Amino acid sequence: MNSENMDEKKKTGKILFELGLLILIGTLLSYFGIQQCISHGWKVSMGGELFSKAFIQTDGSYVLTYLTQESIYLSFLSVLFSFLGNKEELVLVINLILQLVGILFFYLGAKKISSITFSVIVAVIGGLLSGYYYAVTMDCPMHIIWCLFGILFWMLTKIYCDCRGKFLKYLFIGIVLGISCYVDMAAFFLFLIFIIFILVDGRFSFKEKLVQLFWCLITVVSSFFVMFYLWNNYLFNVSLFYKWLEERLYYFTKATHFNHYVSLGII
């Protein structure tokens, strides 16, 4: 009975310690972000040409006609503007919230595959990187990619750890990764992670790993081209693919965005 109570106390202590560290990271990042907002008069000081496209006009809201990080970010802002009004300062608050949500899910994803210590380290590194590279006063679509990347990381690690079977879970993982890779090249980091997971997993034989790699690659490629086909009016040709590649590389090679991708790669 005493040993059970001791175990419960240890478990409660770990949870409280874990929660305390997360609150500390969130508080420090929020303080840093709010300081940025105050010093720039609660105005978008970097960029500034993007968020106004999401303002609700008399003729309706922003319409999603193409699928990139920019269109997703604008759609997200547009929905919030429709409820809260066309306010520039709202962009800064949203950016900070996206940072915090991303770090939370990076932490939860790391916790699924490793120890509490490692997941806390990931949260700390995530806080430092997002605070340094992702200025809340910049209307950059990488804010939404940071958040979605964290959510995807958690969701895929949950599938990887909780779904039984040797092969079926890689079908689900491959489908999600294929769709994500079409939207933004940041998803290729996740693709690489799960290739490594398959290769280093000691529970399976070399032959089983090859089959897992096969199903993962097939589903990634298939879901990628299904997305491509659907978002290009049921057409596929080299010129359309080149246009897609050019649009994605534009974000990847842009100087400020490149640092954002580097931070995601580090995570």
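How do the axes of H3 and helix H4 (residues 116–133) cross, and within what distance do they come? They come within 8 Å and cross at roughly 155°. Before we look further, please note that this is a predicted model, in which local features need pLDDT of at least 70, side-chain atom pairs count only at pLDDT 80 or more, and totals for chains, interfaces and linings use all residues. Residues are numbered from 1 along each chain as its sequence is written, and side-chain values use heavy atoms, with hydrogens and water left out.

Let's step back to the whole chain. It has 10 helices and 0 strands, where helices (H or I, at least four residues) and strands (E, at least two) are DSSP runs numbered from the N terminus. The C-alpha atoms fill a box of roughly 65 × 50 × 30 Å along the principal axes. Of the 267 residues, 43% are buried, meaning under 20% relative accessible area with a 1.4 Å probe, protein chains only. Take the contacts (heavy atoms within 4.5 Å) between residues at least 6 apart in sequence: 72% of them join residues at least 24 apart.

Now back to H3 and H4. Their axes are lines fitted to C-alpha atoms over the stretch in contact, and angles run from 0 to 180 degrees between N-to-C directions. H3 and H4 are therefore roughly antiparallel to each other, the term for angles over 145 degrees. Their crossing is right-handed, which is to say that the near helix is turned clockwise from the far one by less than a right angle. On the H3 side, the residues that meet H4 include Gln99, Ile103 and Phe106; among their partners in H4 are Gly126, Gly127, Ser130 and Gly131. By class, this contact divides into 9 nonpolar, 6 polar and 1 charged. Here Ala, Val, Leu, Ile, Met, Phe, Trp, Tyr, Cys and Pro count as nonpolar, Asp, Glu, Lys and Arg as charged, and the others, Gly among them, as polar.

H3 has another partner in H2. The axes of helix H2 (residues 69–84) and helix H3 (residues 88–113) come within 11 Å and cross at roughly 120°. That makes H2 oblique to H3, the class left over once angles under 35 degrees (roughly parallel), over 145 and from 65 to 115 (roughly perpendicular) are set aside. H2 passes H3 in a right-handed crossing. Tyr73, Phe76 and Leu80 are among the H2 residues in this contact, and Ile94, Asn95 and Leu98 among those of H3. The contact has 10 nonpolar, 1 polar and no charged residues.

At 5% relative accessibility, Leu98 counts as buried. Leaving aside neighbours within four places in sequence, Leu98 is in contact with Tyr73, Phe76, His143, Ile144, Trp146 and Cys147.

Of its 69 residues, Leu156, Ile173, Leu177 and Leu264 touch the most other members. Also in H5 is Thr157, which counts as buried at 0% relative accessibility. Not counting residues up to four places away in sequence, Thr157 touches Gly109, Lys112, Ile113, Phe194 and Phe197.

Technical notes
Buried < 20%, exposed > 50% of the residue type's maximum accessible area, 1.4 Å probe, protein only. Core = buried A, V, L, I, M, F, W, Y, C linked by side-chain atoms within 4.5 Å.
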